[in-house]
Structure formats: C-alpha cells, structure tokens
Amino acid sequence: MLAVLPFLENIIRQTLNNSIAKRSVFCGSSMKRSRTSSKAKSKREEAEDDTIKNDIEAKSKDNEHNLIVQAKNLKNQKLNNVSKSDKKSIDSFKHPAETTLEDSINPEHKQKSKLNLKRLKDRNNKNNEELKPNVPPPKNKPRAVVDLKMMTEELKQLEEPPSTDWEKEICLNRLPFSFYDSPCEELAQNLLGKILVRYLENGTVLKGRIVETEGYLGVIDKASHTYQKKITPRNMPMYMSPGTVYVYMTYGMYHCFNISSQGEGCAVLIRALEPLEGIECMASQRTSKRTSGVPKKPLKDLKTHELCNGPSKLCMAFQLHKKHSKYSMCSWKGLWIENDNVNMEINIVKCPRIGIEGYGEEWTKKPLRYYIYGNKAVSKRNKEAELSLEMN
C-alpha cells in the first residue's frame, strides 16, 4: 500500500502539470487572437474616420464652390444693370486673379483700360466741380431775380372798365389817376375820409369810409415788401403805376389791401373802414363759416363798426382776394374811390405803424400810421399821439 501512494502522487502531479500547460497555451493563443482583433478594429476605425473626413472635405469644397458661383452670378447681375460705359470702366479695374485669358491675350485690353481710367478721372473732376459747398446767400438778397421791364410788359394793368350805362353812372365820381400820383405819405393822409366803393358781380354795391391807413416808403423802408429794390411776382403791383391794387396774403389766411403810390415800390395799406352801405352783405361775409373752421361771432353780437376795423376784416367784408392784384383803381369797374358828399372836418392822428417791431428803431418809431381822431372803426388807438394832438 505504501508503495502505491507515491505512484499515485506522480500521476496526479503529471495530470495537474498537463492541465496547467494546456491552460497556458490556451491563454496565450487567446491573447494573440485579441491583439490581432484589436489591430483590425483600429484599422477599420481609421478607415471610417478617413472616409468621414473625406466626405466633410468634399462637402466643404462643394459649399465653397456654390458660394463662389453665387458671388459670380451676383456680380454678373450687377454688371448687367450698369451702363456700357460704366461696365467698361469696372472691367478695367479687375483684380489680376479675376482677369481672363482673353484679356491677357488681347493686346487692346491695356489701351482700353487706359482710356477708361482717363474717362473716370475726368468724370470725378467734373463731379467735384459741380459739388461746391452750399454757401448761404447774403442777407437782404432778393429771393427771386425778376426782369422789371419784361415783367411790366407781360403783367400790364388789368382792364375791365364799366360797360353798361348804369355801371358808368355809379362810378361817375371815381377819383382820377392824378389823385394817386402823389408821394406815399401824402396819399396815405389824403385817403382818410374818402369813400371806398366795391361793385360785386351780382350787382351789390358796398361802401365804406376810409378811417385808417399806413404808408410804406418802398426801397428805403425796411418794413416794405420792396426794401432794397426787392422784386418778386407777388410785390409787382407796388412797382406799377399809382392807383394799382396790391392784395397779398399774410400768415397763410389773412388778406391785406394796398394801393400803389408815387415813388419806387411805395404803397398805402388800408387798415380800417367805417361801413356805410351794404352792411348786411358785409356782416354775412364776416359771420360765414370759413375754410379755417374758426368759429365767427354771431350776427347779433357783431357791431357795425367792427365789420371793417382791420386789414383782414375789410378784405373779408369787401370780398377782396389775391386775384384782384394788378387791377387799376382808375379803370376797374369792381373797385374805386370817390369823394364824400358830406363835408366834414377831420383831425388826423399820426403815430407809428403796427406789427413792425423787428425792423429797427428808426422805422418802428416813424409816424407812418394815420387815422381819424374819435372814429370808432379805427383798429387801434394810440393814446399818446392823441394826447399830443389835443395839446396842440
């Protein structure tokens, strides 16, 4: 029995050694297989990465090509919109990389580019000459240059003399041209107390006594529209013969009625009237609704002496507008001045004009406004001037 035990131990030891050797061989072979498989896998991954990278590069190249094509199409579209001359000048300034083979081979290309460059320089010099700095005009310079002689011939006094016997009869007492052909200050005072007559197209006759005037001394008067020989289509009647009607609009809604006098660009502004005839018609004109939408006083609250006590009020009451400019008081059947049949003494108040505070002290204080003392239709009384008149 004891002899058998060593023999069994040897068999068991050999068996264990064999199994260990087999395991080691199996492990070695498995490790070799795993290494080869990992190498193969890494090669496959590198190949896949290369294909993806190649795809990305191809797409980026395609996008870049598309962008270049779009840019060229846009440039061609812009060049088609440019005129031929501009197109030639643009082609002459191409980048060297953009020049075509035809351009490099064509011997006339350089000559054309030189000509285009010269043409562009000439054009730039011309534009620089035209674009001069905007220098403001000097002060007191006329807004428009008008040829006085040519304008006088083109815009002669409008003639519309009375035609019927009745029209001739009602304007029989019309003051003649010699009455208006006098210095401005003299005419402004002589008009006080005279009767202004308006003959409407419907046959209505309006009359009012002139109670307030202002004189404007033409080219020397800073407050005059003709100061420093200013000539415009609007103030043209002030340069025409004495007795010419000059109606202008102020503040875009009010009319003022003037009569030209002796002297270059001189005229008299009629400021106020005392209504005498056609009062109801005057009142209807004053109280009617105008385009401005400003509510007027009710008829019952508007007194007679308030109908024409201002330049714009008398123009509304007597229906005088800008279209009546350039008519002559000596020949127009629609408007004239006549003597008052009632002989009455009037005291004339001399005082500064109204609304010319910004024209210097000399003209602001100069007594060129005249009105009848004590008349209710005067637009504004000057108590200081009236006090000096009473003292004298």
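**Overall features**

The structure is a predicted model. The protein has 392 residues, of which 32% count as buried. Its secondary structure consists of 12 helices and eight strands. Among contacts in the protein with a separation of 6 or more, 66% are between residues 24 or more positions apart.

**Salt bridges**

Side chains of opposite charge can pair when their charged atoms come close. In the whole structure, 11 salt bridges are found.

| Pair | N to O distance |
|---|---|
| Glu338 and Lys207 | 3.6 Å |
| Arg271 and Glu212 | 3.0 Å |
| Arg369 and Glu212 | 2.5 Å |

The salt bridge of Glu338 with Lys207 has its closest N and O atoms 3.6 Å apart. This pair links distant parts of the chain, with Glu338 in strand 6 (residues 335-338) and Lys207 in strand 2 (residues 205-216), 131 residues apart. Glu338 is buried because its relative accessible area is 7%, and buried means under 20%. Lys207, with a relative accessible area of 24%, is partly exposed.

A salt bridge also joins the side chains of Arg271 and Glu212, at 3.0 Å from N to O. Arg271 belongs to strand 5 (residues 267-277) and Glu212 to strand 2, so this pair ties together parts that are 59 residues apart in sequence. Arg271 is buried, with a relative accessible area of 10%. Glu212 is likewise buried, and its relative accessible area is 0%.

Glu212 takes part in a further salt bridge, with Arg369, in which the closest N and O atoms are 2.5 Å apart. Here too distant parts of the chain are linked: Arg369 lies in strand 8 (residues 369-372) and Glu212 in strand 2, 157 residues apart. Arg369 and Glu212 are both buried. The two arginines and Glu212 belong to a network of salt bridges that links Glu212, Glu214, Arg271 and Arg369.

**Aromatic side chains**

The count of aromatic pairs comes to four. One of these is formed by Phe179 and Tyr180, whose ring centres are 5.3 Å apart; their planes stand at 85°, so the pair is edge-to-face. The angle meets the cut-off for this class, because planes over 60 degrees apart count as edge-to-face. Phe179 and Tyr180 are both buried.

A charged side chain also lies against an aromatic ring: Arg353 is over the face of Tyr216, at 4.6 Å from the ring centre.

Ile259 is located in strand 4. With 0% relative accessibility, Ile259 counts as buried. Leaving aside residues up to four places away in sequence, Ile259 touches Tyr180, Gly243, Thr244, Ala267, Val268, Ile270, Met329 and Ile337. Ile259 and Tyr180 are 79 residues apart along the chain, and their C-alpha atoms are separated by 8.4 Å.

Tyr254 also lies in strand 4, which covers residues 254-260. In contrast to the buried Ile259, Tyr254 is partly exposed, with a relative accessible area of 35%. Why can Tyr254, at a relative accessible area of 35%, be called partly exposed? The value of 35% for Tyr254 falls in the class between buried, under 20%, and exposed, over 50%. Together with Tyr251 and Met253, Tyr254 makes a nonpolar surface patch of about 370 Å².

**Backbone between helix 10 and strand 6**

Most residues other than glycine have a negative phi. Gln319 is not a glycine, yet its phi is positive, at about 55°. Gln319 is found in the loop between helix 10 (311-317) and strand 6. Lys326, another residue other than glycine, has a positive phi near 75°. Lys326 is also placed in the loop between helix 10 and strand 6. Strand 6 contains Glu338, the partner of Lys207 in strand 2.

Definitions and conventions:
Residues are numbered from 1 along each chain as its sequence is written. This is a predicted model: local features need pLDDT of at least 70, side-chain atom pairs count only at pLDDT 80 or more; totals for chains, interfaces and linings use all residues. Side-chain values use heavy atoms; hydrogens and water are left out. Patches are made of residues with over 30% relative accessible area and no salt bridge: like charges are joined within 9 Å, nonpolar side chains (Val, Leu, Ile, Met, Phe, Trp, Tyr) within 5 Å. Accessible areas come from the Shrake-Rupley method with a 1.4 Å probe; for residues, only the protein chains shown count as cover. A salt bridge is a side-chain nitrogen of Lys or Arg within 4 Å of a carboxyl oxygen of Asp or Glu. Helices (H or I, at least four residues) and strands (E, at least two) are DSSP runs, numbered from the N terminus. Buried means under 20% relative accessible area, exposed over 50%, partly exposed in between (1.4 Å probe, protein chains only). Contact means heavy atoms within 4.5 Å. Rings of Phe, Tyr and Trp (its six-membered ring) pair if their centres lie within 6.5 Å; planes under 30 degrees apart count as stacked, over 60 as edge-to-face and the rest as tilted. A charge sits over a ring if NZ of Lys or CZ of Arg is within 6 Å of the ring centre and within 35 degrees of the ring normal.
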